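Please keep the sequence and the three-dimensional view at hand while reading.

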Amino acid sequence: MPAMEKNSRPAVLVTGGAKRIGAAISRAFGTAGWHVVIHYGRSADAAEALAAELPSAIAIHCNLSDADAAKDMVDRLAAHLTDWRVLVNNASIFVPDDDGDIDMETFRRTLRINAGSPARMARAFLTSARSAGGKRVINLTDQKIANPNPDFFTYTMSKHALAATVPMLAMGAAAPGDRVYALAPGAILPSHDQTPDEIEVSHKLNLLRRRTEASEIADACLWLAEGWLANGETLFVDSGQHLLSQQRDVIYLGRELAG
């Protein structure tokens, strides 16, 4: 556990908070005056650099495929942080596969990292963390929970599982002042081997025909952290992508249209 000095700022833990959407979320909270705990798995340099950039932040390592270690990280933070208000479960893995031949090791690892450990961390946070006000859990799911297709099959299963924890945790684990939410992004950043042309096309395959920015996800996290949406709700930030019926992932739809 990194050394922690007494801190009057409200605290947030962002898993996978060193890169991509996680980094945007970390920066948004840091800029808004929060103490940011940036979790990383294999991105130590990026996490330490981002922590040094923000007004008040630390970087902390944990392998989220180990649910016991994930819970232990939360318990240790709860013992040190005096006003820990928000847990953002952002970290996930995104392995290309389909329904043709499910690799069970990929399935088990994906489910542990994307759903099992986040659920266990959320329960520990709601039980153990001290907060001056209500606590918030924000689970990053995916618009695929409303607009599924067989691509990235195990990833999609894991995000459905994570989404299912939100109303259950809201009913069973949260105190009256606490809230548990899902935040469901659409296509935001380049994925895997996409070309610039494919990115430009695929990220506009939504009702508004526009690119949803990572900053919009970060702003939504801040709003959920400080606002009052009904407990157990899901907020979609995807320019309406979840309202479509897409037979393939936009990575492949964009590739077909760009080609």
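Ser56 is found in the loop that joins helix H2 (44–53) to strand E3 (57–61). The model to which this residue belongs is a predicted one.

**Ser56 and its surroundings**

- Ser56 counts as buried because its relative accessibility is 8%, and buried means under 20%.
- Leaving aside residues up to four places away in sequence, Ser56 touches Asn7, Arg9, Trp34, His35 and Val36.

**Overall form**

- The protein contains eight helices and seven strands.
- A compact globule of 259 residues would have a radius of gyration near 18 Å, and the value for the protein, 18 Å, agrees with this.
- The C-alpha trace spans about 55 × 35 × 35 Å along the principal axes of the protein.
- Of the 259 residues, 52% count as buried.
- Among contacts with a separation of 6 or more, 73% are accounted for by residues 24 or more positions apart.

**Surface and charge**

- The protein exposes about 11,400 Å², of which carbon and sulfur atoms supply 52%.
- There are 26 positive and 30 negative side chains in the protein.
- The centres of these two sets of charges lie 6 Å apart.

**Helix H5**

- Helix H5 covers residues 153–172, and its 20 residues should span 28 Å at 1.5 Å a residue.
- The end C-alpha atoms of H5 are 29 Å apart, which agrees with that expectation.
- The buried residues of H5 include Tyr155, Leu162, Val166 and Leu169.
- An α-helix has 3.6 residues a turn, so residues three or four places apart point the same way.
- The partners against which the buried residues of H5 pack are helix H4 (104–128), strand E5 (136–140) and strand E6 (179–185).

**Helix H7**

- Helix H7 (residues 214–226) has 13 residues and reaches 19 Å from its first C-alpha to its last, close to the 18 Å expected at 1.5 Å a residue.
- Among the buried residues of H7 are Ile217, Cys221, Leu222 and Leu224.
- The buried residues of H7 pack against helix H1 (20–31) and strand E4 (84–89), as well as E5, E6 and strand E7 (234–237).
- Asp219 also lies in helix H7, but this residue is partly exposed, with a relative accessible area of 47%.
- Although Asp219 and Ala28 are separated by 191 residues in sequence, their C-alpha atoms are 7.0 Å apart in space.

**Two residues with a positive phi**

- Arg20 has a positive phi of about 55° although it is not a glycine.
- Arg20 lies in helix H1 and counts as exposed, because its relative accessibility is 51% and exposed means over 50%.
- Phe152 likewise is not a glycine, yet it has a positive phi of about 50°.
- Phe152 lies in the loop between E5 and H5.
- Is Phe152 buried or exposed? At 1% relative accessibility, Phe152 counts as buried.

Definitions and conventions. Residues numbered from 1 in each chain as written. Predicted model: local features only at pLDDT ≥ 70, side-chain atom pairs only at ≥ 80, totals over all residues. Heavy atoms only, no water. Helix = DSSP H or I, 4+ residues; strand = E, 2+ residues; numbered from the N terminus. Rg over C-alpha atoms; globule rule 2.2 N^0.38 Å. Buried < 20%, exposed > 50% of the residue type's maximum accessible area, 1.4 Å probe, protein only. Contact = heavy atoms within 4.5 Å. Areas by Shrake-Rupley, 256 points an atom, 1.4 Å probe, with all protein chains shown as cover. Lys, Arg positive; Asp, Glu negative; His and termini not counted. Charge placed at Lys NZ, Arg CZ, Asp CG, Glu CD. Expected span 1.5 Å × (residues − 1).
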